[in-house]
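Please read them with the coordinates open beside you.

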Amino acid sequence: MTADAIETSGVGVRYGDVVALEDVSLRIPFGTVTALVGMNGSGKSTLFKALTGMVRPAGGRVLLDGTPPSEARRRRLIGYVPQSEAVDWAFPVSVRDVVMMGRYGHLGFTRRPRREDREIVDRALERVELSDLADRQIGRLSGGQRKRVFVARGIAQDARILLLDEPFAGVDKKSEAMIIRLLRESAAEGRTVLVSSHDLHALPGLADAAVLLLRKVLFHGSVADALRPEQLARAFGLDILGREGS
Ligand SMILES: Nc1ncnc2c1ncn2[C@@H]1O[C@H](COP(=O)(O)OP(=O)(O)O)[C@@H](O)[C@H]1O
Ligand SMILES: [Mg+2]
């Protein structure tokens with residue numbers, strides 16, 4: 001039996017008194033795009049951090065392709081696109097430097113890029129249409145271009161599991177369409193994509209399945225079912241059914 005791309009069972013995460021995640025159990029196969037949907041503070045970023053091993057669950061278990069996060073990181077399985085707020089955009093690195101970081105695990109102990117690494121990085125930059133900006137400092141990019149740099153890093157890394165935290169927030173339509181296309185292509189190549197998003201309109205063209213999160217998993221199933229008003233009302237705590245006062 002082959003392992004799922006992502007498997008969590010009973011994962012709970014706390015920050016002091018705050019329970020950010022509770023009893024999160026998910027199984028996500030390879031070759032799919034899954035949208036992670038939930039309001040601010042629902043635990044989306046925390047789930048990504050639990051998957052990458054950046055936060056340690058208080059309970060439960062995380063497996064990526066059957067191995068724990070530390071081993072998955074060592075095997076370069078995970079490509080992670082952090083939420084923009086988590087990145088120091090003043091850091092003096094170029095677009096090309098960031099994408100080359102995707103190759104570090106593949107470099108020998110001298111950590112000197114070989115011709116092959118440079119070619120892979122050049123191709124990744126072409127795919128996100130940033131070749132012209134390769135030498136620019138990462139802070140001097142638009143929101144959409146910044147996201148595309150990190151997507152290119154995941155492509156250069158050849159990661160089998162791509163985790164993207166709000167890649168469409170503050171992003172122009174062209175970048176959004178490009179990122180969606182690259183994620184769909186990645187899934188078609190057998191990778192797995194977990195992507196958090198507020199943009200419900202984009203979900204049908206983006207994802208095969210959706211997870212609605214509100215500290216717990218409220219729903220995991222088809223995008224069409226996730227978008228039903230009664231499901232969204234639970235996830236966002238809105239009374240979009242207009243039943244207040246009844
Ligand atoms: N480093 C932290 N310290 C304390 N509380 C945190 C920290 N990070 C997140 N939280 C809290 O955990 C909950 C989930 O946050 P987060 O995972 O960032 O949600 P989302 O990404 O869905 O907005 C929120 O209540 C948030 O305030
Ligand atoms: Mg977040």
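1. Gln83 is partly exposed, with a relative accessible area of 23%; partly exposed here is the range between buried, under 20%, and exposed, over 50%, for a 1.4 Å probe and protein chains only. The model is predicted, so local features need pLDDT of at least 70 and side-chain atom pairs count only at pLDDT 80 or more, while totals for chains, interfaces and linings use all residues. Residues are numbered from 1 along each chain as its sequence is written, chains are lettered from A and ligands numbered from 1 in the order in which they are written, and side-chain values use heavy atoms, with hydrogens and water left out.

2. The magnesium ion (ligand 2) is coordinated by Gln83 through OE1 and by Ser45 through OG, at 2.1 to 2.3 Å. Because Ser45 lies in helix H1 (residues 44-52) and Gln83 in the loop between strand S5 (78-81) and helix H3 (95-101), the pair ties together parts that are 38 residues apart in sequence. Donors are N, O and S atoms within 2.8 Å of the metal (3.2 Å for Na, K and Ca), and water is not among the atoms, so sites may look incomplete.

3. Ser45 is also one of the residues around ligand 1, a set that includes Tyr15, Met39, Gly43, Lys44 and Thr46, each with a heavy atom within 4 Å of the molecule. Oxygen atoms of ligand 1 have polar contacts (pairs of N or O atoms within 3.5 Å): a backbone N or O atom of Gly43 lies at 3.1 Å, a side-chain N or O atom of Lys44 at 2.8 Å, and a polar side-chain atom of Thr46 at 2.5 Å.

4. Which residues line the largest pocket? Among them are Thr52, Arg73, Arg76, Tyr80, Arg153 and Gln157, around a volume of about 270 Å³. Helix H2 (69-74), S5 and H5 each give two or more residues to this lining, which by class has five nonpolar, three polar and three charged residues.

5. A search of the whole structure finds one cavity of 30 Å³ or more, and the largest cavity has a volume of about 60 Å³. The largest share of its lining, four residues, comes from H5, while helix H5 (143-157), strand S6 (161-165) and helix H6 (173-188) each supply at least two residues. The lining of this cavity divides into eight nonpolar, two polar and no charged residues, including Phe150, Leu164 and Ser186.

6. On terms, a cavity is a set of points on a 1 Å grid over the protein atoms alone where a 1.4 Å probe fits but cannot get out, whereas a pocket is an open set with protein on both sides within 12 Å along at least five of seven lines, and lining residues have an atom within 4 Å of a point.

Technical notes:
Grid points are joined across faces, edges and corners, and a volume is the space filled by probe spheres set on the points. Ala, Val, Leu, Ile, Met, Phe, Trp, Tyr, Cys and Pro count as nonpolar, Asp, Glu, Lys and Arg as charged, and the others, Gly among them, as polar. A polar contact is a pair of N or O atoms within 3.5 Å; within protein, one must be able to donate a hydrogen and the other to accept it, and residues adjacent in sequence count only if both atoms are side-chain atoms.
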